[in-house]
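Open the structure in your viewer and keep the selection panel at hand. This tour goes stop by stop.

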Amino acid sequence: MVNGKLDILVVEDDTPIRNLIMTTLDTQDYKYQTASDGKEALLVAVSHQPDIFLMDLGLPDMDGIEVIKKIRTWSVAPIIVISARSDDKDKIEALDAGADDYLTKPFSVEELLARIRSTLRRLQYLENKGTQVETIFENGDLSIDYTSATVKVGEEVVHLMPMEYNLLCLLAKNVGKVLTHQYILDKVWINAIESDLSSLRVYMATLRKKIEQDKTKEKYIQTRIGIGYGMVRIEKNKIN
């Protein structure tokens, strides 16, 4: 962020929609760059290092999913997909590729701004987290270094997508408690809606695969069917 203001990259090839987004951002005095295809988006992303991506999927030169995957090789900046693709499989594919949220066209400018504001709150939360005295969380063999955003199980570094990392931090902050689905969506998602519950389940499943490895019998994340999720407190000497 520059002078406390978001730097947003708008990746959209449809001129009327791009103009609508730009006008919306202008009303809030957000700084932004634009790109009309995938190749230009990657070049602008590398040179300007945006804080948030607003990403269309139907780009003329390459699919937006591929752009997301390339961005995720070097950046953890939040990516909000804005797409006309409304099937669940498209949404899940984008989230699996590394997107943080999915907004379906047509959309209201109020909803877009609400999602950007929520993303800004998350960014500020993570920045503040790094300035706190307690910068390392430990639970059994699981550790989170908030300053470097590094997660380890034992001595092995676990590579998480931004949403997986945010979910893990929320569970760690509330270790020993059961958090309802709605609470998690409100804290981690952007302007959560009912359909995001399926995405939450996808992210929890991939997160568990990464931190609950076969070599340990310990399960860090507990599922309360119909209620939510919680992180179990594990004593260090219980891990083999």
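What kind of unit do S1, helix H1 and S2 make? Select residues 15-27 for helix H1, together with S1 and S2: they form a right-handed β-α-β unit. Bear in mind throughout that this is a predicted model.

Stay with the two strands. Strand S1 covers residues 7-11 and strand S2 covers residues 31-35. They run parallel, joined by five bridges. Now pick Leu 9: opposite stands Gln 33 in S2.

Next stop: another sheet. Show S10, S12 and S11, in that order across an open sheet of three strands with antiparallel pairing. Colour the edges: strand S10 (178-180) and strand S11 (221-224) each pair on one side only.

Zoom in on S11 and strand S12, residues 228-231. Four bridges join this antiparallel pair. Select Arg 224 and find its bridge partner in S12, Gly 228.

Which strands does helix H7 touch? Select residues 181-188: helix H7 packs on the sheet and touches S10 and S12. The direction of helix H7 makes about 75° with that of S10.

Then select residues 196-211, helix H8. Helix H8 also packs on the sheet, with S11 and S12 as the strands touched. Against the direction of S11, the direction of helix H8 makes an angle of about 145°. Finish with S12 on display: helix H7 touches this strand, and helix H8 touches S12 too.

Key: Residues numbered from 1 in each chain as written. Predicted model: local features only at pLDDT ≥ 70, side-chain atom pairs only at ≥ 80, totals over all residues. Heavy atoms only, no water. Pairing = 2+ DSSP bridges. Contact = heavy atoms within 4.5 Å. Axes fitted to C-alpha atoms, helices over the stretch in contact; angles between N-to-C directions. Right-handed = clockwise from strand over helix to strand, strands pointing away.
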